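Biologist: Could you walk me through how to read this structure? I would like the general idea each time, then the case at hand.

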Amino acid sequence: MEFSYEVKDSYAEVKADGRLNMVSAPKLREFVTDVIAGGSNRIVVNLENTAFMDSSGLGALIGCLKAARQAGGDLRIAAVQPQVNMVLKLTSMDKVLTAYTTAEEAFGND
Amino acid sequence: MTRFWTRLVVVLTVLTGLNYIAWRWMSSLNWDAWWIALPLVAAETYSLIDVMLFGMTVWNLKIRKGAPEPPHDATVDVFITTYNEDLDMVLTTALAAQKIRHPHSTWILDDGARPELKALCEQHGLGYVTRSEDWTKDLPRHAKAGNLNNALMVTDGEFLLILDADQIPEPDILEKTLGYFNNRRVALVQTPQYFSNVPASDPLGSQAPLFYGPIQQGKDGWNAAFFCGSNAILRREALMQLGLVGYVKETEKSIRRALAASRAAIRQARKSTDIDSPLVAEVLDEVEAATREAQQEVDAGQPLAEVTYRVRRRVDAAVQTLVQADVAALQADLEEIAAMELAHVGESGVPVVADDAVQRMSARDWSPLGALESVQAVLDALTVERTGEAQPVMPLATISVTEDMATAMRMHAMGWESVYHHEILAYGLAPEDLKTMLTQRLRWAQGTIQVLLRENPLVQKGLKLGQRLMYFATMWTYLSGFAAVIYFAAPIIYLLLGILPVSSLSWDFFIRFIPFMVVNQLLFAVAGRGIPTWRGQQYSLALFPTWIKACTTAARNVWFGRPLGFAVTPKARQTGGPSWSLIRPQIVVSVLLAVAAVVGIIRLATGLAEPLGTLVNVIWVVFDLVVMSILVRAVLYKGYEPAAEPATREES
């Protein structure tokens, strides 16, 4: 799995390309924590190239959400792929994390 | 009486042969030229073993008097296998098969899945079978063996008559053969393959009168007549037994392989620095404990289905614990977020992940264990479903491109008997051009060598010594390409360089060699009872590049998993006359032989060579060239013309 981030006008976009699973989940946590420590507390995780997510991956996303909130910001997700979407629905996490179509839209109205 | 004479000549051949070869090894080798002396004596030893195996074959020649009355209620499926053959030809064969007198169902097994052929079958009331949905793209298809295995699952006749698409059966083919199955141990009746589009001169050596004659009759005497892919009747029960035994054996093998691999996979997963969660370590511990226990259970002979099921249950439970832990952590995070009151986390408080969601997240396709690919692969392989094959039960052997021989050998190893019925009951079509013929011979040779390397008959449990040697004899003949090269090289080396591989061409040589050669030829004459064997002898030498290529490609395939097809016969020019390029190695060798003869005679004339050595080697060269000459006729052959005289079985 490959991570990258880019600071935009009002948020930082994190890209997580590959399979978000037991092996890569801790790395996502670490990566996002670093981005927050770097001063961005409004994070969009762009999942357009995340083909798969398991329970550890989901746990990491929520963990990152907590970290962003603790830093006074928020974490949103965008461009969710079918399997990830199914996992979010199945676990009711879609009520916590709204899936935006694109990263630009995620903080579009605030 | 013929049997007596045959055996007498066999004994004489063995005695004169051993006498000659023992002398060759012990007192004739020219050690100064060991680099040709040793290969030549090895080639001669190869040939002697070949002749002795032939002698052993005809020793027990079985001439059957015909089958007893067949059981009238025996049910038969006639299978016509096709892939891309001309539809007219397939239909002609199928309609002839329909007219076979004994009650039966006729099926066309169309591996090409051609809608036109399906329509023709419906029109003529023929059964039509294509591969079932189980044969998905990612699974091996196993060519003709796969086609037959697929059809076996959707038909139910007690006996199966297998016909290639070009083999037009006689109406009495079943009446003449089914009676052999009154013996409950008989699993196979093979009849000859004979080709109706071959002129008397048989330029491509298509007819195999020695094989579909004394050789199969001799093997029959040892209960080792084998299946040749077409014109044969098989007992379904025997095939199914073969498939089931094979299934159990393969399953146990793959489970043992998976268990053996599990330790390394788990060790590797533990070492990987990516995972430091204690929960993951616990899952790995559990997987290790489960596979270790499974190993003990398999060793104790417990049913594989239960062992693998228990492993799966244990691993599933461990994975579920892991998912539950992930979910619990996630839920705790959500509670914390809610407690911070920094933002609302949904309209109705913290959402709770339901149990069925945990179940779903624990299933194989979404399991966190999937991240540990090697561990997951081991667990996937711990199954009795034989997931690597389209169907768990594969009655026809799939270890070789010549599934027929491999299948027959396994049947014999399980104690079944076979029959060779020496009467032409189907008429086929042989290749009419050299290129197709060469490709076909290459495949046969490759298949035979594959069987030799994968299931060497000499060490197969269940086969009797005679059967082992009979199968081995056929495989041995396909090694002739290497000997041929030496037989071509030796006279060239003498005539060009004056180097003789034997210490002297003296009385000692001729007194031992000539009786052996004479008795050897006599053996073929007596055993063959006047059938033409010369064409076969020519091709066994002249096609040496094909035989060598078959051995090397089959070895690469079996040992290194390389595909067989990467070395197909070079493409002939489709138009524009004869394709000499197909026999380039033979042309080179022939030119060398001719040049060597001329040089040898010049050396003799100038006193550089001795007369006797030159004479013997020039005769040898002439013999080699006469052998090779068949290839000229083969290249120039323009195909069968029905207007010409019909094929007969006379010497040409």
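Biologist: Let me start with one residue: is B:Tyr487 buried or exposed?

Modeller: A residue is called buried if 20 or more other C-beta atoms lie within 10 Å of its own, exposed if 12 or fewer, and partly exposed in between, with C-beta atoms placed from the backbone. B:Tyr487 is buried, because 21 other C-beta atoms lie within 10 Å. This is a predicted model, where local features need pLDDT of at least 70 and side-chain atom pairs count only at pLDDT 80 or more, while totals for chains, interfaces and linings use all residues. Residues are numbered from 1 along each chain as its sequence is written, and chains are lettered from A and ligands numbered from 1 in the order in which they are written.

Biologist: In which helix does B:Tyr487 lie?

Modeller: Helices (H or I, at least four residues) and strands (E, at least two) are DSSP runs, numbered from the N terminus. B:Tyr487 belongs to helix H16 (residues 480-497) of chain B.

Biologist: How many residues does each chain bring to the contact between A and B?

Modeller: Two residues are in contact if their C-beta atoms, placed from the backbone, lie within 7 Å. Chain A brings 21 residues and chain B 27. On the chain A side, helix H2 (residues 55-70) supplies the largest share, ten residues.
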